[in-house]
Amino acid sequence: MSSNAAHSVVEPSNTSKSVASILVVLYALITMIPLFWIVITGFKSPPDSISYPPKIVFEPTLEGYCNLFTTRSRQTREYVAALGPPEGICEEITRKRQMVIVGKSNYWPRFQNSLIIAFGSTILAVFLGTLTAYGFSRFKVPLADDLLFFILSTRMMPPIAVAVPIYLMYRKLGLSDTALGMILLYTAVNVSLAVWLLKGFMDEIPREYEEAAMIDGYTRLQSFWKVVLPQATTGIAATAIFCLIFAWNEYAFAVLLTSGSAQTAPPFIPTIIGEGGLDWPAVAAGTTIFVVPILVFTILLRKQLLRGITFGAVRK
Amino acid sequence: MADVSLRSVSKRFGKVSAITELSIDIADGEFVVLLGPTGAGKSTTLRLIAGLEKPDQGTVFIGGQDMTTSAPSQRDVSFVFQQYSLYPHLSVRDNLAFPLKSPAHDLNAVQINARVEYVAQLVQIDHKLDNRSTALSGGEMQRVAIGRALVRDPAIFLMDEPLSSLDAKLRGDLRVELKRIQTELGATLLYVTHDQIEAMTMADRIGILNDGQLVQLGTPREIYENPLNIHVAARLGQPTINLLPVQAIAGIKAPDLASIMGIRTEHLDVMDTQTTGTSGAPDAIGRDLPQSDASALDTVAKLDRVEFLGDQNRLHLSIGEHRLVTLGDGDIEYRVQPGSTLHVRARNALYFDEAGNRV
């Protein structure tokens, strides 16, 4: 904007705008430091990752990523020398450390568990939340306010407070360490958020649209499908992101209720052990890969997310 | 098209009674306007016919069939909402086609398209068929909303203040257009408004609603000339009818029970007492009407204020402590000043008893 443009009194001056921009950029950079550190640690060698003072300039290696996806065993120098030429970069790196790859690690199965459980529970929570929110928004539900408060109150409990009863319950029901159990649990936690968020969006959609559709010859369910849902997409997208972020990052329940076949990535990553303790480059590599899906999903839906966050504060 | 009847229909919302014992018959091809203030139950009546509300008691007949408990989609009615309610995610064309694509109709794409094109021309929106419905002006949106109602051939069209959110010019244009379309199609139409000009110009019959009750139903002329009570008398006419206690003008011969008289502006002749016209009689500065009228009542009034409206003036008068508003010629301010005394003659007054009913 040119400096001689007419300014409204509520419009900040150019100086304050630039100051604000610098502050925001600085803040963004500071918050990015841990993420940056994780990403570069993934490319360090184990000695570099724990050297003191910490190294910012280092020789990058894929050792962390190789270690993340494989299990290895130490062999004698003669054994390694007697092997044929290495296949692929990982074998080459491993042999330099006098080791051979003996199998695949559990990271990829755990990552798949995370995908199944997080997306499964998100779809379920958003589906139930949309129907419930529509019901509360459009029909006279007896004790609606109390019910809504009750639904929200399920989220007030810290996970650790309900962990023991849920653990016992799940063991009895055979839901311990199953993907279904985790999907149901995350759905139960997320559905309250979904109902509350979506009810706000549903309330904003004028009921005349459905009334018009019903008069135009459609049943209520058809009107909901053809008229209400297309207008609720923003709200549904925002809600889906919030639910997904929760289910994707959840740690406490995952640690308590999963150990093997249904374990998700968050409790698995810190258990990646190398020689002489935690294998930090592998942990960092696992974390970096773990961030990618949520990053992609959020970037794809960032407009809706922004609208979801500022929802209620800004009217069209 | 079909006739529609309500038989002693009542509807309450919690403690509020929206409609009480309402009965009305709308004939096939008739244009009925429901007129009343906010909260009179006009919209509720439409919604009861459409099936968007269920009556607490009474029966709704559409085309001779009892439809009281039928779903909206089974009633074969169409509805135009005050706020257009176009589906924002659809184009104008898809909005118009939406009712035809419903399970209630079995039409192929060619038939739907032909019908949409025909209606688009009727409401003069055919040049914007492929626009997004949100990218239209208010008047265009309302045309599409009316078009969406016209695209079917329903038993009855229900319109809930369809023109009230438009500006005055557009409202006038669409009013004429709507009446033209209705005549062309021979449509049965129930139209709700609080605008008396819309009611007077479009209606075959006007129903006056007040506090959930149908006070009077009749042609615009019947309602205007023969109002059953003060409320009805005050609904039509601009400026509104002047209401005075019968004692305000000395020497009148009012009926026995009359306590209030209503004088419409065209029945109030205002004459300047200072100047006299060429005939020697006082110069008429209000409406110039026959001077010799046996029922005429003469009195003296003070001119408080003149509102200049261009082609006419509104005269604010006071007779003692009672205030009146009437119309005067456009050039009246050259002849009389506020504060001056005028001669007032009232004819054809309407008399009401203490409860407000016509005597």
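Over how many bridges do strand β1 of chain B and β2(B) pair, and in which sense? Strand β1 (residues 4-13) of chain B pairs with β2(B) over seven bridges in the antiparallel sense, where pairing requires that DSSP finds at least two bridges between two strands. This is a predicted model, in which local features need pLDDT of at least 70 and side-chain atom pairs count only at pLDDT 80 or more, while totals for chains, interfaces and linings use all residues. Residues are numbered from 1 along each chain as its sequence is written, and chains are lettered from A in the order in which they are written.

**Sheet of chain B**
- Four strands form an open sheet in the order β2-β1-β4-β5 (chain B), with antiparallel pairing; strands are DSSP runs of E of at least two residues, and helices are runs of H or I of at least four, numbered from the N terminus.
- The edge strands, each pairing on one side only, are β2 (16-26) and β5 (65-66) of chain B.
- B:Ser5 has B:Asp25 in β2(B) as its bridge partner.

**Helix pair in chain A**
- Helices α1 (residues 14-41) and α14 (residues 280-300) of chain A have axes that come within 7 Å and cross at roughly 120 degrees, the axes being lines fitted to C-alpha atoms over the stretch in contact, with angles from 0 to 180 degrees between N-to-C directions.

**Contact between the chains**
- The contact takes 14 residues from chain A and 19 residues from chain B, residues being in contact if their C-beta atoms, placed from the backbone, lie within 7 Å.
- On the side of chain A that touches chain B, α10(A) gives the most, with six residues.

Conventions
Contact = placed C-beta atoms within 7 Å.
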